[in-house]
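Got the viewer open and the cartoon on? Let's walk through a few selections, one stop at a time.

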Amino acid sequence: MKKLYCFDFDGTLTYKDTMFMYLKFYDPTRFRLQFLKHVPLFVLLKLKLADTEKVKKSFIGSILKGQTQEKIEKKSRQFFEHYYPKIVRENALDFIQNIDHNNTYSLLVTASLDIWAKPFAEAFKMQLVSTKAEFRNGVFTGNFVGKNCNGNEKLVRIQQEISNHKYDKIIAFGDTSGDKPMLKWANEGHYQFFH
């Protein structure tokens with residue numbers, strides 16, 4: 001029996017949202033300054049009066065735009081080494097470590113950027129499906145390649161990833177409304193399963 005696992009990352013497998021953690025880790029001073037500048041936008045987001053993707057791009061770009069890919073990847077590795085496995089829910093880690101990889105394909109499906117999610121996906125032995133950072137000549141442009149990987153986009157990206165494969169059972173795990181399309185689509189959708 002061939003199984004496909006689709007795991008959301010932030011909040012589902014981790015205790016916290018990694019975006020804020022990573023950006024703070026990357027440059028604490030700049031993070032504090034830009035966070036304060038973005039507070040009005042974060043408030044509008046909560047009230048659903050602003051576009052998530054635009055606010056996210058603006059905030060991430062305000063800290064990482066113009067940084068080299070080399071520096072970003074180095075910081076991502078340090079971030080991973082500092083927080084893994086501390087920020088991962090113990091029962092989620094247990095579950096992941098007991099996956100039989102012979103008949104199972106696992107995806108880490110996240111709105112987080114590939115920049116900092118990649119080392120986690122590698123540690124989990126999962127294929128990463130995420131929002132992609134755009135680099136030009138080895139420098140981060142502050143833009144994304146394609147859309148923010150959330151909501152329906154998660155589903156679109158999963159389907160692209162598995163387009164040539166058939167699975168007997170698809171099992172998905174998520175913890176927010178942004179995971180609902182993926183949870184509905186799967187044969188088994190688990191909401192806040194590891195909480």
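Select Gln192 to begin: with a relative accessibility of 34% it counts as partly exposed, meaning between the buried cut-off of under 20% relative accessible area and the exposed cut-off of over 50% (1.4 Å probe, protein chains only). You'll find Gln192 in the segment after β6 (188-191); strands here are DSSP runs of E, at least two residues, and helices are runs of H or I, at least four, numbered from the N terminus. Check its backbone too: the phi of Gln192 is near 50°, a positive value in a residue other than glycine.

A word on what you're looking at: this is a predicted model, where local features need pLDDT of at least 70 and side-chain atom pairs count only at pLDDT 80 or more, while totals for chains, interfaces and linings use all residues. Residues are numbered from 1 along each chain as its sequence is written, and side-chain values use heavy atoms, leaving out hydrogens and water.

Next, jump to Asn137, in the loop between β3 (127-136) and β4 (139-145). Phi of Asn137 is near 50°, again positive in a non-glycine residue. Asn137 is exposed, at 82% relative accessible area.

Now try the Tyr84 to Pro85 peptide bond: it is cis, with omega near 0°. Pro85 sits in the loop between α4 (69-83) and α5 (90-97). For background, most residues other than glycine have a negative phi, and most peptide bonds are trans.

Step back into α4 itself. This helix has 15 residues and reaches 21 Å from its first C-alpha to its last, close to the expected 21 Å, which is 1.5 Å times one less than the number of residues. Show side chains for Ile72, Lys75, Ser76, Phe79 and Phe80, which are buried. Look down the axis of α4: the buried residues fall within an arc of 140°, so they line one face of the helix (the arc uses directions from the helix axis to the C-beta atoms). They pack against α1 (18-26), α3 (52-64), α6 (114-124), β3 and β4.

Last stop: the largest nonpolar core. A nonpolar core is a set of buried Ala, Val, Leu, Ile, Met, Phe, Trp, Tyr and Cys residues joined through side-chain atoms within 4.5 Å. Of its 39 residues, Phe7, Leu13, Tyr22, Leu23, Ile60, Leu64 and Phe124 touch the most other members. Another core, of 14 residues, lies apart from it and includes Cys6, Val129, Ile170 and Ala172.

Note on methods: Contact means heavy atoms within 4.5 Å.
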